Amino acid sequence: LRQALPLAVFGVLIVVTIHLAAQPRLKDAYDLKPLAEKLASYERDGYALGHYGNYHAQFQFLGRLIGYVAEIGDGELQWLHDNPKAKVVAYRYTVPDGVQPDYVQKFRGRLAIIWDGKQVANDPTIAKRDARPDKDEDDD
């Protein structure tokens, strides 16, 4: 017991220290709460919500969303025409030139972007994922 107790305490101290040191960086990279709260405010204002690509309900609990978040993607623009008052979440590495998103947040090395549905209906390429800017085409 005399030998095990200091080792156990040391192990706990190491884990807590690493967690506290990494917490600010992890919070900035993985915190979806501000994005979810923004979506909740749009939902309260009567906007239909869409997610470009697979949606795993990551905003439902954090934003206390009540309604359905539609999965849309390439070639699925009918939802945007059926819901003219809509907001769409998409993930990209860069914001395309010449367009202004409604909201941008860093998330997991990318940008989580909220677009107005009319913008996406007019130019669906703004919601498509782009290539990582620092990755060469030949790296594949």
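Predicted model: local features only at pLDDT ≥ 70, side-chain atom pairs only at ≥ 80, totals over all residues.
Me: Which residues of H2 are buried?
Reply: They are Leu-35, Ala-36, Leu-39, Ala-40, Tyr-42 and Glu-43.

Me: What makes these buried residues line one face of the helix?
Reply: Looking down the axis of H2, the buried residues fall within an arc of 160 degrees, so they line one face. An α-helix has 3.6 residues a turn, so residues three or four places apart point the same way.

Me: Why is Lys-87 called buried?
Reply: Buried means under 20% relative accessible area. Lys-87 has 5%, so Lys-87 counts as buried.

Me: Why is Asp-102 called partly exposed?
Reply: The term covers values between the 20% limit for buried and the 50% limit for exposed. Asp-102 has a relative accessible area of 31%, so the term applies.

Me: What makes Asp-102 and Lys-87 a salt bridge?
Reply: The cut-off is a side-chain nitrogen of Lys or Arg within 4 Å of a carboxyl oxygen of Asp or Glu. The closest N and O atoms of Asp-102 and Lys-87 are 2.4 Å apart, so the pair meets that cut-off. Asp-102 is in the loop between E3 and E4, and Lys-87 is in strand E3, 15 residues apart.

Me: How do you know that the salt bridge of Lys-87 and Asp-116 ties together separate parts of the sequence?
Reply: The N to O distance in this salt bridge is 3.1 Å. Lys-87 lies in strand E3 and Asp-116 in strand E5, so the pair ties together parts 29 residues apart in sequence. Lys-87, Asp-102 and Asp-116 are linked in a network of salt bridges.

Me: Why is Val-104 called partly exposed?
Reply: Val-104, in strand E4 (residues 103–107), has a relative accessible area of 38%. Leaving aside neighbours within four places in sequence, Val-104 is in contact with Val-95, Leu-111, Ala-112 and Ile-113.

Definitions and conventions: Residues numbered from 1 in each chain as written. Heavy atoms only, no water. Helix = DSSP H or I, 4+ residues; strand = E, 2+ residues; numbered from the N terminus. Buried < 20%, exposed > 50% of the residue type's maximum accessible area, 1.4 Å probe, protein only. Contact = heavy atoms within 4.5 Å. Arc of directions from axis to C-beta.
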